[in-house]
Amino acid sequence: MARDTISAAPGGIAAPASQPTTTASQPVTGAVTGVTTRRRKRASIGRIALYTILTITALVWLIPLVTSLYTAIRTFGDTTQYGPWSFPPHSFTLANFSQAWVQGDFSQYFLNTFLVVIPSIVLMLLGSSMTAYVLARHEFRGRKFLYVTYVAGMLLPYQVLIIPVYWLSNQLNIYNTPLALIAIFTTFEFGFCTFVLYGFMRGIPKELTDAAFVDGASAFQVWWRIILPLCMPALATLATLEFTWKWNDYLWPITLISDSRWFTVTAGLGQLQGEFVNNWNEITAGALLVAIPTLIIYVALQRYFIGGLLVGSNK
Amino acid sequence: MQPARRSRKRGWSLDRITLILFVAVPLFFYMIWVWGPTAATIALSFTHFDGITSPTFNGLTNYVRLAQDPQFHQALFNNLIWLFAFLTLPLAGGLALAVALDRKIRFSRFYQSAIYLPMVLALPVIALMFQWFFLPSDGLVNTILHALSNNRLSPGWLADPHLALSTILIAAIWRQVGYVMILYLAGLKGIDPAMREAAYIDGAGEWKLFRNVTFPLLRPVTIIVLVISVIEALRAFDLVWVMTGQEPGYAEVLATLMYREAIHNYEAGYGSAVAVALFLISLGFIITYLIRQLRTEEEL
């Protein structure tokens, strides 16, 4: 009986509409009414100038990426003989990418990074949603203190942690293993995730959880079957954003991992630069390889990513 | 029904244990990996510590050294330059772009996507791209400069001690503009069009409209952008570390100084003092932010 009520609830009720995450993740497209229409007639020269400036800015912004790609798809011989900026290219190759992937050990680095990032995100979201749930739904002594602990923690500069965390991982014998990275990746963003999820959970109507309690659901069931499913938009946003951040993180891997066998992609990229000293065809190919997963996220999950940035802007 | 719920909260019921575990388990790990180390860093800053053997108390020695260390002054100065750079170009540029893109404009998505694309790239990736871009011999920038100046103009960029920081800042700004733009765009969406409409009907010109209506309404966003700029400017590490090949020299910032001292030079005590200095500088902003946050919390 109770079970039925609970499992029926998430389907029947839409996620709270007034939440920051849902509003924030709407695609950002222009919609200012009458003012613009009138203005358009008035100043078409202004509009041409506007388009010109915007187009130039956007193209300039793409230059670093495009030039890297242009170098990465040419052979070393081609760029040395004709110069790296000769156009059209005298060669087209994907060998630089496969070289970085195989010789540069990027296949290993990719695996290592996934091995660290995925468990961290799962553990982090579980932990912070548990805390956020208790904070949002239950009154108890020290509640405010707990809230402050997390909110203040999310503003700590990571530099303050490096030395003791380095020492701690040594003491726990997890230095130079993925566990060290999982430990810090899981906990470091607890504050931020708790903060975001707490805000989101406050928007879930109290009647929902109260009704479940009345029907005899336990606190665990309420969290697992009502709160978590309703928090899906927020969880998806956080997962997208945190994946990008953790994938891109550089400081922790170079601090906690010294053996290239366990390097993540960013640490491996530094290694690549040392290996292929002046072979920029290889280096740019490696850099682009590292960027691919985040670029996929950017294209496929842009909505979540921006939504996360906006919520994360409080960070 | 209400009493039934109340009784649930008393005594050592299963729910109570669940809730305690829900709070205690994450908190335990948070204390061990985040707050504990923060406290430890503060404690270590009053010790001589090589990172391996046990630390010995040496009072304010590290801080005295800090005050006299020209490298520390250089790093602090560079962080301030970084902050100044973030508070000018990306702020103005991001705001201008947001205002431009907020109008009904074609290809708006393309423009936005191009400008905030750097946000998803790893900083070491950005660092390498710009290193290649600014390479003194073969880089695109110098190739163009050589062609334009008949080979007379050939700045060393990252290799030039006086240009290194500026070159790094170009990469940092390239990334930051999109961030600021997205924040302001979201802020602009939140403004009631009727307010601007009203001002427009009152005969306010474009600039007046922006200055007297739009910008003041964006105040909350501006505060967030300021806080972010400060924090990002103080945290700067990756770009400097990669672009200078781990030897920042004149481009040293607090984070790289701290890292070099603590991890490379086995001066963890002194490194901690640098970290604490960095922490103290950002503390003012953290407290301001917290007070604001707690106030909104009370309103809930």
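I started with helix α8 (residues 143–153) and helix α11 (residues 190–202), both of chain A: they pack at about 120 degrees, axes 7 Å apart. Axes are lines fitted to C-alpha atoms, for helices over the stretch in contact, and angles run from 0 to 180 degrees between N-to-C directions. So α8(A) is oblique to α11(A) (under 35 degrees is roughly parallel, over 145 roughly antiparallel, 65 to 115 roughly perpendicular, the rest oblique).

This is a predicted model; local features need pLDDT of at least 70, side-chain atom pairs 80 or more, while totals for chains, interfaces and linings use all residues. Residues count from 1 along each chain as its sequence is written, and chains are lettered from A and ligands numbered from 1 in the order written.

Which residues meet? I found Tyr150(A), Val151(A) and Gly153(A) of α8(A) against Phe190(A), Gly191(A), Thr194(A) and Phe195(A) of α11(A). Contact means C-beta atoms, placed from the backbone, within 7 Å.

Next, chain B. I noted 14 helices and two strands. Its C-alpha trace spans about 85 × 65 × 30 Å along the principal axes. Of contacts in chain B between residues at least 6 apart in sequence, 68% join residues at least 24 apart.

Methods. Helix = DSSP H or I, 4+ residues; strand = E, 2+ residues; numbered from the N terminus. Contact = placed C-beta atoms within 7 Å.
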